[in-house]
Amino acid sequence: MNSIVWRLLMIPSAYGVLIWTLLLLAGNLGLVTVHISSLAFLIFLYTTACFGLSSFIMYGLFKSIDIKGIGTAVSFTKFDKIVFFGVTVLGFAGLFIYVRDFSSFLGGFTSFFLAFWNEPLLIRALASEESSIGFQLSYFSWLSIFYCILILARDKNLFARSKIIIYSILILQFFLNLMFIDRTRPVILFLSGFLIYLVLRARSFKNPLKYVFYVFAGPLIIFFVQAIFTEKYDKDEGLIANFLVYVFGGFGYFSAAINDVNPDYSLVRTFYPLAKVLNAMGWSFDIPSQVLDFKQVPFPTNVGTFLEPLLADGGLLYIFFGTPIVIFLLDIASYISLQSKTALGIFVWSSLVLVSIFSFFVPKYNAAYIYLFLAIFFLMSIFSRRTFKKYVRAYV
């Protein structure tokens, strides 16, 4: 039984089945009032079924992976050392540029850090009006953090000085990522880091239910701690009510959006980062903002689950055909990444699992960092000597 549970926990869509089923059942308990139409509820059931079907199909593939052997199979090659150095430099550069740029709007570095400590929502509000290349470059710091976790999990015999350096890089970059005043960043870093550590140390985890508890308890703690620190919640309603609004708001928003949608049958929102790149290369088409307008459901929210881009691009037609395709492609990509038994493959797999975990809330499959990680993984797979030799033996 444990073996079956462990393998299911490697499949992104398995998380989708679990989360969507629990939330749809919990929604009927009346924990929070959310306006959901019958049509929207049928679409949510269809989505849950798509998650379940993909999990069932993919289990056969994931069954071939020696989950507990990945920790010893993943190596930290010379190529990884070069990439680790590169992403660390770029990550710190991005974090510094972000702090520098936003400090200039607030009157200097001292003012920025004082605002972070005393008025963090001021920085959050500023981010909705201003931008910085540091946002994009900061994603390299995520890869650096994941490499730090890989090194610490794999090499038990590290010299004390090396451990201090690695821990310093990890802690400093994690702290600087908190400067964005974004709830999803620390949650992503925690969950991805934990998933990476889990796979690398799978032999030492005996109880999968304990692992599931960590996966769900960690984000809850982060959510409540950040809510208290930023005071970004309705004090009259309380923290629990605020949390329930975040959890169920996406369902209500999607239900309301069905009546307002005017699709152009493009794929601009579904493949948002790719559309941005093509637009920068000279392709002329409108790029809508990823920040949605608020809707009353009856409380105000502007998140619409991972289905929202499909709905905005192509209405119910895209929902029907696109939902199973997106879910299945995520599972296939995660299988390829995990099967590669490379450092970056593990990082990509953990990120794709998070896409399914966040699917009830926001569409992370069209996030820039997912495209970045997949692109680097693809390039490393091409230039990896071991992979190159494997393809030569297969086709020559």
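Reader: Where is L379 placed?

Author: L379 sits in helix 17. Helices (H or I, at least four residues) and strands (E, at least two) are DSSP runs, numbered from the N terminus.

Reader: And what kind of model is this?

Author: Predicted: local features need pLDDT of at least 70, side-chain atom pairs count only at pLDDT 80 or more, and totals for chains, interfaces and linings use all residues. Residues are numbered from 1 along each chain as its sequence is written, and side-chain values use heavy atoms, with hydrogens and water left out.

Reader: Back to L379. Which residues form the nonpolar patch on the surface?

Author: F79, I82, F378, L379, I382 and F383, with about 630 Å² of accessible area together. Patches take residues with over 30% relative accessible area and no salt bridge; like charges are joined within 9 Å, nonpolar side chains (Val, Leu, Ile, Met, Phe, Trp, Tyr) within 5 Å. Areas are Shrake-Rupley with a 1.4 Å probe, and for residues only the protein chains shown count as cover. A salt bridge is a side-chain nitrogen of Lys or Arg within 4 Å of a carboxyl oxygen of Asp or Glu.

Reader: Which helix gives the largest share?

Author: Helix 17, with 4 residues. Helix 5 and helix 17 (368-383) each supply at least two.

Reader: Helix 5, then. How does it cross helix 6?

Author: The axes of helix 5 (residues 78-106) and helix 6 (residues 109-118) come within 8 Å and cross at roughly 95°. That makes the two helices roughly perpendicular. The cut-offs: under 35 degrees is roughly parallel, over 145 roughly antiparallel, 65 to 115 roughly perpendicular, the rest oblique. Axes are lines fitted to C-alpha atoms, for helices over the stretch in contact, with angles from 0 to 180 degrees between N-to-C directions.

Reader: Which residues meet there?

Author: F96, Y98, V99, R100, F102, S103 and L106 of helix 5 meet F109, S111, F112, F113 and A115 of helix 6. Contact means heavy atoms within 4.5 Å. By class, this contact has 9 nonpolar, 2 polar and 1 charged. Ala, Val, Leu, Ile, Met, Phe, Trp, Tyr, Cys and Pro count as nonpolar, Asp, Glu, Lys and Arg as charged, and the others, Gly among them, as polar.

Reader: New topic. Which peptide bond is cis?

Author: V297 to P298, with omega near 10°. P298 lies in the loop between strand 1 (295-296) and strand 2 (300-301).

Reader: And what is phi of I181 near?

Author: Near 50°, a positive value in a residue other than glycine. I181 is in the loop between helix 10 (160-177) and helix 11 (184-200).
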